[in-house]
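User: Please take me through this entry with the criteria set out beside the values, so that each label can be checked against its cut-off.

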Amino acid sequence: MTILVFFIVILFAFYLFYKTKYFRSSRPVEKKWLGAKSNIALGLFVCLFGINHLFFISETTVTFIVSVIFVLYGGVFSWVGFKKYKHYLPFAIEEAQGLDAKS
């Protein structure tokens, strides 16, 4: 349980870090790439939060159902974020190299 709580806190910190970088970025493709990274962190955060409640805190049927929904939603959110990350990575590299070459 302590390990899950540690990872939950770390993933929430990563989410805040990437979201802050997202708002500070001026490059359009880099923003989408950073948004995808923040989606992955948020999805894993929600998924681990659901797993933590499912195995260690679940006492009622409602808690069990909500925990399963969190796990499924977090898994889908992470998967979609990973797909976006893979899609935008080459474009973000190209955008960074293009802007660096102009400087």
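**Labels and their criteria**

User: Why is Ile57 called partly exposed?

Analyst: Ile57 has a relative accessible area of 33%. Buried means under 20%, exposed means over 50%, and partly exposed is what lies in between, with a 1.4 Å probe and protein chains only, so at 33% Ile57 is partly exposed. Ile57 lies in helix H2, where helices (H or I, at least four residues) and strands (E, at least two) are DSSP runs, numbered from the N terminus. The model is predicted, so local features need pLDDT of at least 70 and side-chain atom pairs count only at pLDDT 80 or more, while totals for chains, interfaces and linings use all residues. Residues are numbered from 1 along each chain as its sequence is written, and side-chain values use heavy atoms, with hydrogens and water left out.

User: How do you know whether Asn52 is buried or exposed, and which residues is Asn52 in contact with?

Analyst: Asn52 has a relative accessibility of 6%, and therefore counts as buried. The place of Asn52 is in helix H2, and, leaving aside neighbours within four places in sequence, Asn52 is in contact (heavy atoms within 4.5 Å) with Met1, Leu4, Val5, Ile8 and Ile57.

User: What makes Gly43 count as buried, and what lies around Gly43?

Analyst: The relative accessible area of Gly43 is 0%, so Gly43 is buried. Gly43, which also lies in helix H2, is in contact with Gly74, Gly75, Phe77 and Ser78, once neighbours within four places in sequence are left aside. Gly43 and Gly75 are 32 residues apart in sequence, yet their C-alpha atoms are 6.1 Å apart in space.

User: Why does Ser67 count as buried, and how far apart in space are Ser67 and Tyr85?

Analyst: Ser67, found in helix H3, has a relative accessibility of 3% and so counts as buried. Beyond its neighbours within four places in sequence, Ser67 is in contact with Gly50, His53 and Leu54. Ser67 and Tyr85 are 18 residues apart in sequence and 26 Å apart in space, C-alpha to C-alpha, whereas Ile57 and Ser67 are 10 residues apart in sequence and 9.6 Å apart in space, again C-alpha to C-alpha.

User: Why is the aromatic pair of Tyr73 and Phe77 called stacked?

Analyst: A search of the whole structure finds 10 aromatic pairs, and in that of Tyr73 and Phe77 the rings are 5.5 Å apart centre to centre, with 25° between the planes. Rings of Phe, Tyr and Trp (its six-membered ring) pair if their centres lie within 6.5 Å, and planes under 30 degrees apart count as stacked, over 60 as edge-to-face and the rest as tilted, so this pair is stacked. Because they are 4 residues apart in helix H3 (residues 61–102), Tyr73 and Phe77 are separated by about one helical turn. Phe77 is partly exposed, with a relative accessible area of 24%. Elsewhere, ring pairs link Phe12, Tyr15, Phe45, Phe49 and Phe70 into a cluster.

User: How do you know that the charged end of Lys19 sits over the ring of Tyr22?

Analyst: The charged end of Lys19 is 4.9 Å from the centre of the Tyr22 ring. A charge sits over a ring if NZ of Lys or CZ of Arg is within 6 Å of the ring centre and within 35 degrees of the ring normal. The charged end of Lys31 likewise sits over the ring of Tyr22, 4.9 Å from its centre.

User: How does the reach of helix H1 stand against the expected value, and what do the buried residues of H1 pack against?

Analyst: Helix H1 (residues 2–24) has 23 residues and reaches 33 Å from first to last C-alpha, close to the 33 Å expected at 1.5 Å a residue, the expected span being 1.5 Å times one less than the number of residues. The buried residues of H1 are Leu4, Ile8, Leu11, Tyr15 and Tyr18, and they pack against helix H2 (28–57).

User: What makes the chain more spread out than a compact globule?

Analyst: The chain has 3 helices and 0 strands. Its radius of gyration, 17 Å, is well over the 13 Å that the globule rule gives for 103 residues, so the chain is more spread out than a compact globule; the radius is taken over C-alpha atoms, and the rule is 2.2 Å times the number of residues to the power 0.38. Along its principal axes the C-alpha trace spans about 60 × 20 × 20 Å, and buried residues make up 27% of the 103 residues.
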